[in-house]
Amino acid sequence: MTEKTPLRHLMLGIAVPGLLAASCSAYADIGHFRYQNEPSYRLEPAQVFRMRKAVPEVNLRKQLKPLLKKTYYSEQAYIDSLEEQLGKDVVAQHKVLFLEKAVQPQRSLAIDVLADDVIHMAFKDQPKGEALPTTELIDITKFNGPSALQRKNNGFSTADLQVTVNPQNLCVAMVSESKGQLSEICPDKMNSFTVKSEGDYQLNGLGQEFHDPGKLNTNWLGFKRQGGNKMEGYQGGGTGNTQFPILYAMSQQQRNYAIYLDTVYSATWDFTGTPWKISQLEGSPSFLFMAGNDLPELRQKYMSMIGTPLVPPRKMFGMWLSEYGFDNWQELDDKLDTLKKNHFPLDGVVMDLQWFGNVDAFSPTSQMGTLTWDRENFPAPEQKIKSLKEQGVGMMLIEESYVSDGLEEFGKMAEHGYLVKDPATGKAIDSDQNNYGYWWGKGGMIDWTSVDAGKEWHDWKRKPLIDMGVIGHWTDLGEPEMYNPKGVYTDGRTQNDVHNIFNYKWLESIYDGYQRNETATRPFMMSRSGAPGIQRFGATMWSADIGTNLESLASQFSMQPNMVLSGIDYYSSDIGGFHRSALSAVPEKREAAMNETYTQWFAYSSLFEVPVRPHTENLCNCKETAPDRVGDMASNKANIKLRYQLIPYLYSLAHRANIAAEPVYPPMDYYFADDAKAHNLAGQKMMGKDLMGAAIAKMGQQAVDVYLPRGKWYDYRTGKAVDSKGEWLKQLPVYDQNLLTLPLFARDGAIIPMNPEQTMPLSSEVPLTLAARIFGSDGEFTLYEDDGATNAYLNGGVRKTTFNTQRKGSEFKLTIVAEGNYANAPQARPLHIEWVGLQGKVKAVELNGKKVQGWKQQGEELVIEHSALPVNKTIQLSVVM
């Protein structure tokens with residue numbers, strides 16, 4: 001019998017440079033703990049099969065069956081069990097063989113304590129004096145170490161957590177000081193680990209992977225989440241599977257935590273059984289365990305590592321027209337003319353492959369990779385972009401990472417080594433390993449992991465387009481969709497090494513190009529794929545080539561909350577569906593089905609997506625995407641009007657997302673964690689803290705059930721109050737005077753800055769009139785305004801106008817205080833206030849102590865209007881009841 005090896009561990013009281021903030025001198029140093037487990041033995045069926053000929057005197061497979069897959073933590077215990085099954089003589093004769101086949105590799109465990117409730121772990125050997133490394137996707141320097149750290153037998157404790165390590169198997173028990181045991185995390189294979197948590201958990205985050213058509217479900221529990229960036233077939237279309245390896249585990253017992261798997265390799269999260277199993281394609285897992293009271297606390301920790309989103313250009317909150325694609329300026333102008341005639345607002349157009357000459361399948365001279373205007377079909381683009389800008393219409397252009405090998409661009413990029421290479425020759429490798437090519441042409445792929453390649457491409461190809469006035473970049477096929485698995489990247493990295501950060505590096509190169517060239521315009525990208533952190537480059541995401549059917553739209557509802565929790569505040573879709581062939585309807589009902597599908601989709605996007613972007617495949621020029629040409633025009637116009645009225649509120653939320661990592665479109669349980677009925681409501685979404693909307697995705701649907709958490713709520717449109725005890729409003733009509741009108745409610749105390757204009761088309765620009773719709777009292781909201789286009793907001797070019805309401809007896813007070821400035825900001829503004837929820841008759845309205853006459857009351861809604869007031873003076877409105 002061998003002597004037990006004691007648990008070996010080490011805590012180093014060493015400060016890791018960059019991890020301790022100078023202002024946090026009261027905090028303890030980052031704690032580093034290093035462990036190795038005791039020797040163990042385990043028989044697998046394969047090993048027993050291989051030993052059978054070497055031990056002919058017994059039937060090994062039969063007699064050792066009771067021992068299979070059992071782990072023994074001492075040599076003697078293992079030998080004793082063998083002797084019970086085989087006898088002492090057989091075991092003594094073959095002891096060396098039995099030990100050799102069953103001994104398990106000794107495992108290591110490294111733990112760094114980053115904060116009282118944040119633990120960095122890896123089941124691997126890590127030098128004693130070195131902190132665990134991280135990928136480039138995260139930055140953990142904002143964690144300032146634990147406030148208290150006490151070493152204990154087989155573990156340690158902080159102010160919030162007790163952590164115990166099992167010396168035999170290196171399983172780590174995480175116990176909250178206030179909530180009890182959160183989880184037990186154990187090593188599995190070299191590339192995986194398991195997580196065991198007791199209780200009923202809801203699992204969220206983890207990016208997007210569409211499943212269960214038509215069902216509303218955001219919870220991954222019971223699913224096997226297959227990670228790795230790719231586009232997958234779904235309901236007649238293609239939807240994104242995008243890896244954001246952040247798991248939120250929320251329980252009704254408030255034993256809440258998050259796990260961030262810090263890997264660039266494709267990962268799988270298996271929640272089909274207990275314990276859950278998390279694995280990655282290559283390497284030993286390294287991950288962060290974060291405990292927290294609720295989703296806001298946990299998401300804040302996550303966002304502190306990956307960065308907050310930049311504020312998109314204000315135009316991106318409006319409507320953008322898109323299709324695959326406009327063949328020439330005339331086709332585009334025809335669509336714009338009818339939108340204008342029908343009084344629809346429009347903020348931009350998105351140009352697909354045709355802008356650079358389209359593509360030629362399998363051809364080495366396909367225009368893929370020119371990133372140069374087709375001036376035959378799109379003459380004088382400089383003048384066209386300028387003309388559109390004068391009309392208030394911006395432009396976004398598609399681009400890809402592929403370059404046809406018969407083009408000048410291919411030769412230049414290959415010469416400098418800026419394309420993915422063939423490991424055998426060191427030259428650019430064909431993206432198709434069979435050397436045939438693809439639908440886009442035949443050629444290679446830009447190596448975005450090369451900083452120099454990104455610089456060259458941006459300055460050579462993209463910057464001239466930005467200088468023309470292009471304000472958005474549509475990065476398509478960036479999973480990458482097509483690639484040669486043999487290709488090698490910068491520093492010899494393989495496809496597996498790079499695959500899930502390929503689009504990340506592409507987006508980073510665009511952002512870096514803007515910074516390097518000191519471009520005043522904000523960077524904005526709309527991407528089909530990505531990774532944690534792309535939002536800090538100005539990137540948003542859409543769900544890929546989704547099919548035209550309401551089942552896919554319902555799945556879009558379900559993916560949006562997980563994308564928000566993964567750090568993507570702006571997640572959109574091809575309104576109406578990209579693949580119209582996915583619409584299931586008999587010929588005589590197809591047009592009606594298409595119209596209803598589009599109308600429901602457009603209504604959803606007008607509330608919850610940035611940008612609002614109709615898009616479809618239209619190579620036949622036989623389909624429509626503009627909301628005056630497909631769907632119910634009156635409903636479409638009403639829904640986009642509401643969207644434009646809400647832009648001041650949404651744009652303010654975008655600033656809060658940038659400043660404080662507050663989500664723009666959080667799920668219901670983000671702010672109502674204690675209400676079990678508010679969990680997993682994919683069809684209902686918050687807009688900031690104060691608005692809640694509901695959507696529909698079912699053919700012929702005329703009504704919808706809406707859940708209102710406890711408290712007073714107001715119908716946003718009518719002002720009707722609902723005192724909810726935490727209850728469902730059954731079968732709320734979604735049509736009002738034949739207009740599709742999705743339910744929208746405001747919380748008591750909500751202050752919603754808005755555009756008060758009623759005449760269409762509305763504008764996305766800052767309205768001259770300072771306006772807000774107020775519900776009840778005792779609320780506060782800050783309106784953020786800037787020039788809407790440049791980076792000046794990052795350097796203080798912002799006006800913040802704070803609205804505050806209070807009730808004192810029979811008097812309601814509104815105080816408005818503005819601070820800050822930006823280029824061309826109005827210095828005097830008319831005032832428009834709509835105040836809902838005033839009970840009783842208004843006797844008088846006073847402005848800064850003086851009675852005013854510009855008000856009227858209808859029921860419990862009061863409308864106050866006043867001529868221009870200087871913004872540098874405090875406004876105090878008093879409503880006397």
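Asp787 has a relative accessible area of 30%, so the residue is partly exposed. Here buried means under 20% relative accessible area, exposed means over 50%, and partly exposed lies in between (1.4 Å probe, protein chains only). This is a predicted model, in which local features need pLDDT of at least 70 and side-chain atom pairs count only at pLDDT 80 or more, while totals for chains, interfaces and linings use all residues. Residues are numbered from 1 along each chain as its sequence is written, and side-chain values use heavy atoms, with hydrogens and water left out.

Side chains of opposite charge can pair when their charged atoms come close. The term salt bridge is used for a side-chain nitrogen of Lys or Arg within 4 Å of a carboxyl oxygen of Asp or Glu. A search of the whole structure finds 38 salt bridges.

| Salt bridge | N to O distance |
|---|---|
| Asp405 and Lys442 | 3.3 Å |
| Lys463 and Asp467 | 3.0 Å |
| Asp787 and Arg522 | 3.8 Å |

Asp787 and Arg522 link distant parts of the chain, 265 residues apart. Asp787 sits in the loop between strands E42 (780–785) and E43 (799–808). Arg522 sits in the loop between helix H12 (502–516) and strand E28 (525–527). Helices (H or I, at least four residues) and strands (E, at least two) are DSSP runs, numbered from the N terminus. Arg522 is buried, at 1% relative accessible area.

Asp405 and Lys442 are 37 residues apart in sequence, and their pair ties those parts together. Asp405 lies in the loop between strand E25 (402–404) and helix H9 (408–415). Lys442 lies in the loop between H9 and strand E26 (443–445). Asp405 is partly exposed at 25%, whereas Lys442 is buried at 16%.

Lys463 and Asp467 belong to helix H10 (residues 451–468). They are four residues apart, so about one helical turn separates them. Lys463 is partly exposed at 25%; Asp467 is exposed at 53%.

Salt bridges also form a network, which links Glu323, Glu331, Lys335, Glu624 and Arg629.

Now to H12. This helix has 15 residues and reaches 21 Å from its first C-alpha to its last. That is close to the 21 Å expected at 1.5 Å a residue, where the expected span is 1.5 Å times one less than the number of residues. H12 is mostly covered, with eleven of its 15 residues buried. Among them are Phe502, Tyr504, Trp506 and Tyr514. Just after H12, Glu518 takes a positive phi of about 50 degrees.
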